[in-house]
Amino acid sequence: MKRKLLALALALVMVLTLLPVSAFAADFSGGTGKSTDPYKISSLSDLSSLKTKVNGGTTYSGSYFVLTTDLTITSESYCRIGTYDHPFMGNFDGDGHTITFNLSITQSKYDPSETAKTYYNYVMACVGFFGVAKGPSTIKNLTTTGSLY
């Protein structure tokens, strides 16, 4: 019996050592998402995680975020948190920080025969930090500056 438990424990340790460290990493730089301990957005990687999660269907309704530093966005991959189908519904506090845009937007030509939702998603391809936010969300204490061209 002891040998079976030891073998099982060793097998578990071996499997865990094969997993990448990122499998244990949090999506953000800290926080629990509560009003007293908001998720911390401290890097472009954190922004990418937020965008990926929200645009994939996680609304973060009732969750809280705080920006902990100024950031410069030079890639469309960090823009448009929230879509027509998957809006951001959390609370985002810029904490007085600035998001600076310095990027060129690449879009394909819009086909007017498409539905209104497709048109909305096309027009909102990357026109700002948040693409679609829907109540009961709040976005406060955030400055955006720079160029989108």
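Which residue in β2 is the bridge partner of lysine 40? Good morning, colleagues. The structure before you is a predicted model, and in it the partner of lysine 40 is valine 66.

Let me place that pair in its setting. β1 and β2 are joined in the parallel sense through three bridges. They belong to an open sheet of four strands, ordered β1-β2-β4-β6, with parallel pairing. At the edges lie β1, residues 39-41, and β6, residues 138-140, each of which pairs on one side only. From one strand to the next, the twist averages 15 degrees.

α2 packs against it and touches β1, β2 and β4. The direction of α2 makes about 125 degrees with that of β1.

The largest nonpolar core comprises 19 residues, and Leu50, Phe65, Phe88, Phe92 and Phe129 have the most contacts inside it. At least two residues of this core come from each of β1, α2, β2, β3 and β5. Setting aside residues up to four places away in sequence, phenylalanine 88 touches a list of residues including Leu50, Phe65, Ile81 and Phe130.

Finally, consider serine 63. Is this residue buried or exposed? Serine 63 sits in the loop between α2 and β2, and its relative accessible area is 13%, so it counts as buried, the limit being under 20%. Beyond its neighbours within four places in sequence, serine 63 is in contact with Gly33, Tyr39, Gly90 and Asn91. Thank you for your attention.

Key:
Residues numbered from 1 in each chain as written. Predicted model: local features only at pLDDT ≥ 70, side-chain atom pairs only at ≥ 80, totals over all residues. Heavy atoms only, no water. Buried < 20%, exposed > 50% of the residue type's maximum accessible area, 1.4 Å probe, protein only. Contact = heavy atoms within 4.5 Å. Pairing = 2+ DSSP bridges. Axes fitted to C-alpha atoms, helices over the stretch in contact; angles between N-to-C directions. Core = buried A, V, L, I, M, F, W, Y, C linked by side-chain atoms within 4.5 Å.
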